[in-house]
Protein chains: 2
Amino acid sequence: MKTLQDLKPLIEYLQEIQHLSSAISVLHWDQETYMPPGAGRARAEQLSTLGGMAHERSVGPEMERLLSQWVDLKSGQVNGEERGWDEPSRALLREVWRDYHKATKLPTEFVRRYGKEASISQQVWVEARKKSDFSQFAPHLKTMVALKKEEIGYIGYKDSPYDALLDDYEPGMTVAQLVPLFEALKAELVPLLEKIVQSPVQPKTDFLHRSYAPEKQLAFGQKVLEAMGFDFNNGRQDLSAHPFTTSFHTTDVRITTRVDERDLLSSLFSSIHEGGHALYDQGLNPDLYGTPLGDARSLGVHESQSRLWENGIGRSKPFWGYFYPILQKTFPEGLKGVDPESFYAAVNLVRPSLIRVEADELTYNLHIMVRFEIERALIEANLPVDALPSLWNEKMHQYLGIVPDSDAHGVLQDVHWSGGAIGYFPTYTLGNLYAVQFLNQAKKEIPGLEGEIAKGDLLPLKKWLNEKIHRWGKQYPTDVLVRRVTGEPLNPAYFVRYLKEKFTPLYSLS
Amino acid sequence: MKTLQDLKPLIEYLQEIQHLSSAISVLHWDQETYMPPGAGRARAEQLSTLGGMAHERSVGPEMERLLSQWVDLKSGQVNGEERGWDEPSRALLREVWRDYHKATKLPTEFVRRYGKEASISQQVWVEARKKSDFSQFAPHLKTMVALKKEEIGYIGYKDSPYDALLDDYEPGMTVAQLVPLFEALKAELVPLLEKIVQSPVQPKTDFLHRSYAPEKQLAFGQKVLEAMGFDFNNGRQDLSAHPFTTSFHTTDVRITTRVDERDLLSSLFSSIHEGGHALYDQGLNPDLYGTPLGDARSLGVHESQSRLWENGIGRSKPFWGYFYPILQKTFPEGLKGVDPESFYAAVNLVRPSLIRVEADELTYNLHIMVRFEIERALIEANLPVDALPSLWNEKMHQYLGIVPDSDAHGVLQDVHWSGGAIGYFPTYTLGNLYAVQFLNQAKKEIPGLEGEIAKGDLLPLKKWLNEKIHRWGKQYPTDVLVRRVTGEPLNPAYFVRYLKEKFTPLYSLS
């Protein structure tokens with residue numbers, strides 16, 4: 001039986017590319033955290049050069065030479081007897097060929113043109129959002145949509161052209177699977193939201209916006225990260241305008257947060273969210289660094305890890321049973337007279353709002369529906385870009401009952417489309433669904449989990465995730481992974497049940 | 001007349017290599033400032049891969065193809081009429097060929113072996129210094145010396161084998177020039193030091209070691225950096241264990257410092273020193289980034305910029321005339337009752353000490369003499385490595401009148417030799433000599449310079465250095481640059497006169 005040992009030359013080559021990619025990530029991290037303002041142009045050029053080198057190596061003759069020793073480059077079939085390879089080796093060859101094959105479909109000229117247009121488009125978007133001027137951004141968005149359609153032409157698809165894009169972020173997922181899933185979800189979420197909005201019971205949240213010293217907020221967030229098992233010996237947290245997680249290696253995973261004196265929860269929940277991502281990256285197999293087996297499964301699965309911690313744990317009763325007294329001790333002034341029940345209710349406020357990244361765990365998914373439906377209309381039905389603002393506002397009204405006061409708070413709010421990331425948004429809702437399904441299973445398998453959490457011990461959950469999800473990397477396709485972990489395919493019923501069980505008592509729903 | 005425009009393909013190729021080198025510098029900077037402790041091994045691998053790529057490109061077939069269009073690769077002669085090129089183009093071709101030619105002389109196998117041994121040797125040195133155990137380090141130093149001799153064999157030399165090493169750090173400098181220069185200097189410095197040591201007048205320095213809040217120290221240092229013209233829009237200062245300067249582009253120059261509550265001067269003078277380096281890097285020509293014309297002339301010239309600011313300005317009367325009242329306002333407790341004259345005297349304490357990096361501006365050069373003479377003995381006279389500790393102590397006694405209490409404070413104190421940097425030390429003293437000669441000229445050319453400094457205006461000096469030195473990069477060989485700036489070759493008399501003029505009144509010397 002052949003093993004990974006037999007693929008050593010390929011693995012070493014992949015690791016070399018990974019070193020380059022990790023350097024790119026360091027440069028990005030620095031750009032968002034410490035880089036002086038005047039250095040932007042030079043940094044862009046450095047990144048572009050390194051990106052070109054990494055791409056060159058991913059599809060170049062050396063990759064071809066190595067890969068073709070074991071795989072038929074046209075079909076992806078393993079040469080000779082497939083049974084002659086162990087499971088990790090077959091998975092590695094499958095995933096490496098997949099990436100290679102996809103990359104080679106795109107002409108170099110297209111990749112360069114795309115990169116250039118995306119960079120310009122993103123810069124224009126920043127300006128357009130500032131001025132809330134969609135018309136300034138529209139020509140560039142048209143270019144990006146045209147480029148995505150050109151890309152679809154190179155990549156090909158079976159059922160929906162949108163599938164070709166989706167596959168970049170959630171390999172294996174298709175419109176045919178997503179549509180019924182999202183429809184079923186919408187059918188539950190919209191009426192549930194209506195009930196909540198109309199409930200006479202509404203939590204108070206004013207105390208969340210008193211004065212909370214930033215250093216103390218950060219110190220509390222760090223305590224929570226430590227409890228989650230975030231390894232500060234192999235990672236760190238810094239400040240940036242938009243929170244993110246980046247990994248240079250399992251031994252060097254960095255998260256960022258932002259902190260607002262008048263918002264007790266913003267920094268904390270961003271730390272827990274990014275901490276969830278970071279545990280995944282720290283929990284990957286270091287020996288397979290640089291290979292697909294040492295890399296996260298998909299964006300959806302990655303998001304499941306952040307959402308599981310942020311919402312499933314961070315907005316749960318047992319968590320605050322332990323941490324609320326500590327928080328109250330940290331901020332005796334701000335939280336004076338706020339009892340644990342009121343705090344728990346405030347943390348779980350559900351209220352339609354305009355901005356996706358600030359949305360609660362219920363309405364968040366309706367924000368995603370709006371984007372998913374618009375994306376499909378752009379790609380599948382040739383919706384003109386100019387129709388976006390009105391369609392956006394219409395859908396916001398339909399699903400959330402509110403209409404943006406400006407395009408800056410509407411169609412212009414997210415960076416994704418400006419850089420061509422169409423097909424990315426669904427992974428956020430997939431993450432929410434996977435998260436609850438995983439957590440549900442963890443509760444079954446870890447004896448007394450909620451009791452442990454209520455004692456502040458989050459490590460049994462972290463270890464379970466390490467064991468069940470993190471350490472496998474991309475060895476299994478996502479659907480197989482979900483079945484292996486939970487015993488069944490993705491099932492949105494868990495998520496719906498979770499919301500109903502949480503919000504029925506909180507809002508005294510019938 | 002052909003110009004740099006005609007060399008565009010070569011320049012673009014050099015800039016691509018520079019982007020890679022800048023990424024390497026970012027990774028090094030991160031390693032010293034923010035990298036989590038566990039990430040060391042992964043970082044070393046990333047750096048090694050990127051370093052290999054940069055080296056490959058510097059000597060590879062594409063470089064050969066580009067360069068050979070204009071230069072005979074064997075001799076470095078410009079093809080066709082040398083007069084047909086303008087001065088910057090001739091300089092660029094001269095310097096690019098020089099680096100290329102030198103790099104191609106070293107077999108790839110040697111470069112790899114050297115890199116590996118140097119890395120191990122440096123790690124062993126760290127341990128050996130901690131334990132003050134020279135015998136642990138000796139076998140690795142033997143290996144490094146043997147490797148340097150092997151390197152000399154590949155590079156070749158005319159007069160002294162040591163020249164082949166020196167040329168890496170101070171191109172064009174030779175033992176034949178250095179020996180009389182250093183002898184002349186020693187002949188002045190040793191008796192001057194003796195007089196100072198024996199003087200009945202000795203400054204008090206106890207107040208420098210009271211309690212000085214680190215944040216306030218850093219804020220004061222930042223004020224001085226701003227006054228020097230350090231551009232925080234295109235640079236920043238962070239903390240690290242050992243202060244250093246690194247540049248990723250003229251728009252992104254980073255310095256570091258360390259701060260000790262019980263030492264008022266350590267952080268400040270490191271900021272001024274690194275700030276001087278940084279002004280050079282920020283003052284290079286951004287349009288020629290990545291080419292020798294956009295790169296610092298030599299280590300000696302670079303050091304001249306740091307020492308000019310650190311000593312020539314930072315330990316001068318006019319500087320403290322302006323800054324001492326501000327410092328005293330910053331630290332009213334610590335500096336209570338310390339008059340400006342006492343402070344100025346304390347800042348200029350001359351006293352033999354064991355550690356080079358803490359030495360004053362007079363004895364510093366005697367520390368360099370010790371190292372230079374030992375290096376020559378190793379390379380030219382086959383001095384056995386095992387004889388180093390005793391030779392070190394003997395020379396320390398001879399020139400400074402003191403003997404280290406341990407090898408950690410003696411022969412093991414500097415990192416340089418462990419990584420094979422033999423021939424580097426002389427550039428520190430060259431920097432001191434250039435610094436005073438440049439400053440002397442600046443005083444002649446800038447009307448009322450000392451008066452401006454006494455008003456806190458350091459920018460006329462910064463602009464003069466930008467104009468006379470920084471913007472030229474490597475266009476002129478160092479000796480030509482020195483003559484262009486000062487009207488004469490390097491002349492240590494300026495340095496000796498400067499010391500005598502400063503220390504005669506301070507120590508009431510006759």
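Contact here means heavy atoms within 4.5 Å. This is a predicted model, in which local features need pLDDT of at least 70, side-chain atom pairs count only at pLDDT 80 or more, and totals for chains, interfaces and linings use all residues. Residues are numbered from 1 along each chain as its sequence is written, chains are lettered from A and ligands numbered from 1 in the order in which they are written, and side-chain values use heavy atoms, with hydrogens and water left out.

Q: Leaving aside its neighbours within four places in sequence, with which residues is Ser89(B) in contact?
A: Ser89(B) belongs to helix α4 of chain B, residues 87–105; helices (H or I, at least four residues) and strands (E, at least two) are DSSP runs, numbered from the N terminus. Once neighbours within four places in sequence are set aside, the residues in contact with Ser89(B) are Lys2(B), Thr3(B), Leu4(B) and Leu7(B).

Q: Is Ser89(B) buried or exposed?
A: Buried means under 20% relative accessible area, exposed over 50%, and partly exposed in between (1.4 Å probe, protein chains only). Because its relative accessibility is 0%, Ser89(B) counts as buried.

Q: Which class of accessibility does His55(B) have?
A: His55(B) is placed in helix α2 of chain B. Because its relative accessibility is 27%, His55(B) counts as partly exposed.

Q: Against which helix do the buried residues of α5(B) pack?
A: Helix α5 of chain B covers residues 108–131. Its buried residues include Phe110(B), Tyr114(B) and Trp125(B). The buried residues of α5(B) pack against α6 (134–155) of chain B.

Q: What is the area buried between chain B and chain A?
A: Buried area is the accessible area (1.4 Å probe) that two parts lose on being put together, summed over both. In this interface 36 residues of chain B are in contact with 36 residues of chain A. Carbon and sulfur atoms give 61% of the buried area, which is about 2700 Å².

Q: How far apart are the closest N and O atoms of the salt bridge between Asp30(B) and Arg254(A)?
A: A salt bridge is a side-chain nitrogen of Lys or Arg within 4 Å of a carboxyl oxygen of Asp or Glu. Between chain B and chain A the count is six salt bridges. In the one that Asp30(B) forms with Arg254(A), the closest N and O atoms are apart by 2.7 Å.

Note on methods: Expected span 1.5 Å × (residues − 1).
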